[in-house]
Amino acid sequence: MEYNKTFYTKELQTSSGTLIIEGPLNGEKMSGYGFHEDLVAFRPPALQHKALIEIADLPEGRIFIARENETIVGYVTYLYPDPLERWSEIKMEDLIELGAIEVIPKYRGASVGKNLIRLSMEDDSVEDFIIITTEYYWHWDLKGTGLNIWDYRKVMEKMMSAGGLVYFATDDPEISSHPANCLMARIGKRVPPESIQKFDQLRFMNRFMY
């Protein structure tokens, strides 16, 4: 599988200042930037910065960032699904997961997430992949935003739809454990029918258990 990593960049004007949206970055470039202390959604900032540097250097890994001067204030990651997740049970070279997206509170509401996703989809190589994201309400900053679960879900759906991801049904137990959780995906124009069939098998694995 070819992993094209053509660099893209754009300026985003917000009421809180100008941001640079850019990527995909390699680990060396990632390590040269600071990492904002408010990026705490998944793990302590220093540990998350280290994890992103490692992802950036994976063959399939793609990291796009939003930065304020030399400090990362938002990011989105793409890599193969975790080996412990259902989505890796059928080995698919052309299925990639949008694994994490995060923006510091200062820039929320400024369409930073949308712009990160839009820029990451500009490369024509995305048409060779199925890109999925799994949304779990327990990862959402309900307290920090003041939104209820359903309003937050609408925000996430709107942000993902900016990159062409749409809702897909699944019987995955974790997603099915709460109605606010969901699977979204974007199927590239050049993805072959056999890969789409494998993706459908992954979405509904429980139907084959009885």
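User: Why is S111 called partly exposed?

Analyst: S111 has a relative accessible area of 34%. Buried means under 20% relative accessible area, exposed means over 50%, and partly exposed is in between (1.4 Å probe, protein chains only). The value of 34% lies in between, so S111 is partly exposed. This is a predicted model, in which local features need pLDDT of at least 70, side-chain atom pairs count only at pLDDT 80 or more, and totals for chains, interfaces and linings use all residues.

User: Is N69 buried or exposed, and how do you know?

Analyst: The relative accessibility of N69 is 61%, so N69 counts as exposed.

User: Which form does the peptide bond from G23 to P24 take, and how do you know?

Analyst: Omega is near -5° for the bond from G23 to P24, and the bond is cis. Most peptide bonds are trans. P24 is in the loop between β2 (17–23) and α1.

User: Why does G27 count as buried?

Analyst: G27 has 4% relative accessibility and therefore counts as buried. G27 is part of helix α1 (residues 27–31). Leaving out residues up to four places away in sequence, G27 touches I53, A56 and D57 (contact means heavy atoms within 4.5 Å). From G27 to R43 there are 16 residues in sequence and 19 Å in space, C-alpha to C-alpha.

User: What makes Y3 partly exposed, and which residues is Y3 in contact with?

Analyst: Y3 is partly exposed because its relative accessible area is 28%. The segment before β1 (8–14) holds Y3. Beyond its neighbours within four places in sequence, Y3 is in contact with P59, E60, Y80, E93 and F129. Y3 and S125 are 122 residues apart in sequence, but 7.8 Å apart in space, C-alpha to C-alpha.

User: How do you know that the buried residues of α7 are on the same side?

Analyst: In α7 (residues 193–203), the buried residues are S195, F199, L202 and R203. These residues cover an arc of only 100° around the axis, which puts them on the same side of α7 (the arc is that of the directions from the helix axis to the C-beta atoms). Their cover includes β6 (95–103), β7 (130–135), β8 (166–168) and β9 (182–187).

User: How many helices and strands does the protein chain have?

Analyst: The protein chain has seven helices and nine strands. Helices (H or I, at least four residues) and strands (E, at least two) are DSSP runs, numbered from the N terminus.

User: How do you know that the radius of gyration agrees with a compact globule?

Analyst: For 210 residues, a compact globule would have a radius of gyration near 17 Å, and the protein chain has 17 Å, so the values agree. The radius is taken over C-alpha atoms, and the globule rule is 2.2 Å times the number of residues to the power 0.38. Buried residues account for 49% of the 210 residues.

Conventions. Residues numbered from 1 in each chain as written. Heavy atoms only, no water.
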